[in-house]
Amino acid sequence: MVAMVGCSQAVLQQLRWELENHTSTPSYSGGLALKTSAEDSPADKSKKLRSPPNPAKKPEVKEWRKNVQVTASLHAGGPSCESGPLRCVFDPRLFSFCQSCLGYPLSIFFIVVNEFCERFSYYGMRALLVLYFRNFIGWDDNLSTAIYHTFVALCYLTPILGALIADSWLGKFKTIISLSIVYTIGQAVISVSSINDLTGQSPEGTPNSLSVHVALSMIGLVLIALGTGGIKPCVSAFGGDQFEEGQEKQRNRFFSIFYLAINAGSLLSTIITPILRVQQCGTQTSCYPLAFGVPAALMAVSLIVFVIGSKMYKKFQPQGNIMGKVVKCIGFAIKNRFRHRSKEFSKREHWLDWAKEKYDDRLITQIKMVTRVMFLFIPLPMFWALFDQQGSRWTLQATTMTGRFGSIEIQPDQMQTVNAILIVIMVPIVDAVVYPLIAKCGFNFTSLKKMTVGMFLASMAFVVAAIVQVEIDKTLPVFPGANQVQIKVLNIGNDSMIVSFPGEMVTLSQFSQTNEFMTFEADQLTNINIANVTEVTHKFEPGHRHTLLVWAPNHYRVVKDGLNNKPDKGENGIRFVNTFNEVINIKMSGKVYENIASYNASEYQFFPSGKKSYTINSTEIPQGCVHEFQSSNLDFGSAFTYVIKKESNGCPQVLEFEDIPPNTVNMALQIPQYFLLTCGEVVFSVTGLEFSYSQAPSNMKSVLQAGWLLTVAVGNIIVLIVAGVGHFSKQWAEYILFAALLLVVCVIFAIMARFYTYVNPVEIEAQFEEDDKKKAEKDNLNSTLEPVSQTKM
């Protein structure tokens, strides 16, 4: 509002002078000299706004004088935007004034808020999906992951459909409204599918008719994919449509703000929805209806906000099935070129010029603009191939690190929020500080140069990730190879034990274990002897760790550990060994170890960091004994064996033995790679959105935005191919490979960008419109003269 007051007395004096001399064009662009309509092209609108009202047309002059008087009254103490912001929104004359003083269309506010709410809805829902599939529906990890990635891929394929609908049929505004309704219904359906009482529930708390929940979930996900993918290319392009010619700086800043809204929405949703999920819902410990319901409500808010601003939007009508024309034109050009491939036909400047026999120059020129940009898009998926590994490889890397920051603990999957936080910080800094400084230095930092720098920074981020991985590898335990066997001995008896291995002898006191696992080649492990009395006869499985439990010279048990890697997600594996004569049942943080047999070990179960309480129950334990125990403070990525020892009074005592040490490299070391990747994203992705819009003709902007989004889907496919084909013994080698690939692509893209010529589609289309008008006037003149000539004859 302060900016509105800044229009000052000087503007008032100028307006009053123009009011008295109304035959001249008002220098203040806030006045509506002539009204533009939704059907006007950008060139027509620009021309109307620049042209003075014709004095011979009194209604136009009257309307213009009326607008100038309203504008002048704002400076003379009359009604102002400051005294009533809603008047700016709903009074067209006041709105025009406010728009010019602020420099941005107010409609942008509604579009940015709409995008924030929509991204909150999408990312909040997506953050819950895998856990919902696994814990509520009961699918295993592989099926849950497969369905999740299928859904994400579908979300990045449907933008093509949305762009075709917008540019060829409904227009951007109606497409956004229609598909947002579909989107909201999809969110509501998946929220309903998570209600446990929808079909009744068994005494165990599981739904009676799981197939109904699965069917509703799949319907909801399909509707969401259609909605979010369909509106994705339209919203950003629709926002760009709100700016006039000459507002390139404001439009560029809009795309930065737009991208900021995307990341702010995703950041808040990924923090809030997991908190909602763990709330108590009746008898359920996880409240999925609430966690899915809030994103559904935000999507409804997004739709309402967008509809509220409908009267302020500039809406361009679609120009027919433009994609059909494009495909036919390209097909005809290729076919015509093939027919005239002999040397007797002269070459043409561009291969699309071979379509001039059938299609007009304007369409051919527009297709040339699109194909030139799409050609530049070819190398871009490699950037997304690296960028999207934040949620896979980098998260897995974090599981081998510790997340303790003083008194704060961060889980491995929460490290992804670093990117969203840095985006919120870096977008304003880069836009308001970095770019102006570069401009002051006289460097022409064009869009394609920015994107090249972004690719280079992403490549360097993976080099840093490789360095961090090398440091992690130094701390990781050595696990057995395919033809190796690892063994450790755990003495759970009251006497010392001597165990002989090929070329090695181990002496253990009571209730102790070997310091580390011993590694043997599978074919060399032929003789293991306990106290020179008992020979261990067991077929050890190559490629696995084993624990040899001994409690007497002639009593032993071999247990296959089942852990050949660090525990997933930075969790901690815990198993129990029972030295009582009767079976034992243990409940630890909601998980149950059932019927652990005498002198046997349970399977590992996994828990997040922190102290865990557990209860030990057995018929052999006297009633006066303590049953409640607490673990040590668990860190990240460790594994322990808890031996339940029987004391002289019959009560249990728990002894802790470390199987896998906790992670020691801190997750803070990942911050530099996240910082580099985020800086690369800011100068690459934000610029790419703006570039693909600014270089597209007015009737193909959504299609080109969809092409930009399609590079994300292709990037994910590249990750799957490289990960499937390349088998690396060391993870740092894969990081270096990706960094090298992107660096090569970066050089190729820089060369391609060097030969790209920037165009102004508005000027080109205005020139065609001017030529068409001149041609029409000439045709009209000829048609007028022709009857006169015939009369004279």
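Here is a short walk through the structure, from the whole chain to a few of its details.

The model is a predicted one, in which local features need pLDDT of at least 70 and side-chain atom pairs count only at pLDDT 80 or more, while totals for chains, interfaces and linings use all residues. Residues are numbered from 1 along each chain as its sequence is written, and side-chain values use heavy atoms, with hydrogens and water left out.

Let's start with the chain as a whole. It holds 24 helices and 20 strands; these are DSSP runs numbered from the N terminus, with helices being H or I of at least four residues and strands being E of at least two. Of its 793 residues, 49% count as buried, meaning under 20% relative accessible area with a 1.4 Å probe and protein chains only (exposed is over 50%, partly exposed in between). Among contacts (heavy atoms within 4.5 Å) with a separation of 6 or more, 72% are between residues 24 or more positions apart.

Next, look at a pair of helices. Two packed helices are described by the angle between their axes and the distance between the axes. Helix 7 (residues 107-126) packs against helix 14 (residues 288-308) at an angle of about 165 degrees, with the axes 8 Å apart. Axes here are lines fitted to C-alpha atoms over the stretch in contact, and angles run from 0 to 180 degrees between N-to-C directions. That angle makes helix 7 roughly antiparallel to helix 14 (over 145 degrees; under 35 is roughly parallel, 65 to 115 roughly perpendicular and the rest oblique). On the helix 7 side, the contact includes Phe110, Asn114 and Cys117, and on the helix 14 side it includes Phe292, Leu298 and Val305.

The structure holds 45 aromatic pairs, where rings of Phe, Tyr and Trp (its six-membered ring) pair if their centres lie within 6.5 Å; planes under 30 degrees apart are stacked, over 60 edge-to-face and the rest tilted. Tyrosine 288 and phenylalanine 292 form a stacked pair because their ring centres are 6.3 Å apart and their planes are at 25 degrees. These two residues sit 4 residues apart in helix 14, so about one helical turn separates them.

Finally, which strand holds serine 512? Serine 512 lies in strand 6 (residues 512-513), and at 14% relative accessibility it counts as buried. Beyond its neighbours within four places in sequence, serine 512 is in contact with Val489, Leu490, Asn491 and Phe657.
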